[in-house]
Amino acid sequence: MKLSLPQYVICWMVIAFTPASLLAADADPGGAMLYGRGKEAVLLNGKPLPRSSAVFPGDLIQTPPESVATLDAPGSGVVVYPDSVVKFEQNSVSLQHGSVSVATSKRMVATAGEVTATPASDAWTEFEVANTNGSIRVVASKGSIDVNCAKGSASLSEGDEVTADAAGNCSKKKRKPGALWPVKSSTLSGPWVVIGAAGTGGGIICLLLCDNPQPFISQWKP
């Protein structure tokens, strides 16, 4: 198809002004974009994140106590909450400390220690994983999650949660109403951080990077 001059100019401008890091992430099927916001810079492989960057399998992400980060991958989005350490892998994240929220239609996996959380299907799925003080917790917010612990497993439906005990067993129960991960920082525009729609990543990116006078309210707050 032959482009008219105006169409050609528009295409050229889109290519010219698209960040090289974004093009690199799109070119690599295992890549993603990382965005950060907060009082202190998010660290990528030990170096301050320059607002945003392409990330690839093996990259390490660390959020200070008053900052958050989001990963925008094809069909998936991950919010990395304050005071967390996460390694990005191809279609998975490895939580070493802290907490994350995952929203995915690509069955993105999250691991924490010997616990693995996997969406049960390709349907849109949202879940949270926390790894704090030696305790690992997985919560299903939308869809179904299969959780494997060191010595057991559990299938979670929306509203279920599981905690891995010291012996490696999965202890399943219904989650109590209330917000999941508190954030004590006015820098983040309120006491709670919300996970946005992933897919294109626009919802998450705007929540983290756009000037928004409204506080971020968790969608799980009763």
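Strands are DSSP runs of E spanning at least two residues, numbered from the N terminus. The model is predicted, with local features requiring pLDDT of at least 70 and side-chain atom pairs counted only at pLDDT 80 or more, while totals for chains, interfaces and linings use all residues. Residues are numbered from 1 along each chain as its sequence is written, and side-chain values use heavy atoms, with hydrogens and water left out.

Close-up A. Ser-84 is classed as buried because its relative accessibility is 0%; buried denotes under 20% relative accessible area, exposed over 50%, and partly exposed the range in between (1.4 Å probe, protein chains only). Beyond neighbours within four places in sequence, Ser-84 is in contact with Ile-61, Gln-62, Thr-63, His-97, Gly-98 and Ser-99 (contact: heavy atoms within 4.5 Å).

**Close-up B. Polar atoms around the side chain of Ser-84.** A polar atom of the Ser-84 side chain lies 3.3 Å from the backbone oxygen of Pro-82. The backbone nitrogen of Ser-99 is 3.0 Å from a polar atom of the Ser-84 side chain.

**Close-up C. The disulfide of Cys-149 and Cys-170.** One disulfide is counted, under the criterion of a pair of cysteine sulfur atoms within 2.5 Å. The sulfur atoms of Cys-149 and Cys-170 are 1.9 Å apart. This pair links distant parts of the chain, 21 residues apart: Cys-149 belongs to the loop between strand 14 (145–148) and strand 15 (153–156), and Cys-170 to strand 17 (residues 170–174). The disulfide is right-handed because the torsion about the S-S bond of Cys-149 and Cys-170 is about 105°. Both Cys-149 and Cys-170 are buried.

How values were computed:
A polar contact is a pair of N or O atoms within 3.5 Å; within protein, one must be able to donate a hydrogen and the other to accept it, and residues adjacent in sequence count only if both atoms are side-chain atoms. Helices (H or I, at least four residues) and strands (E, at least two) are DSSP runs, numbered from the N terminus.
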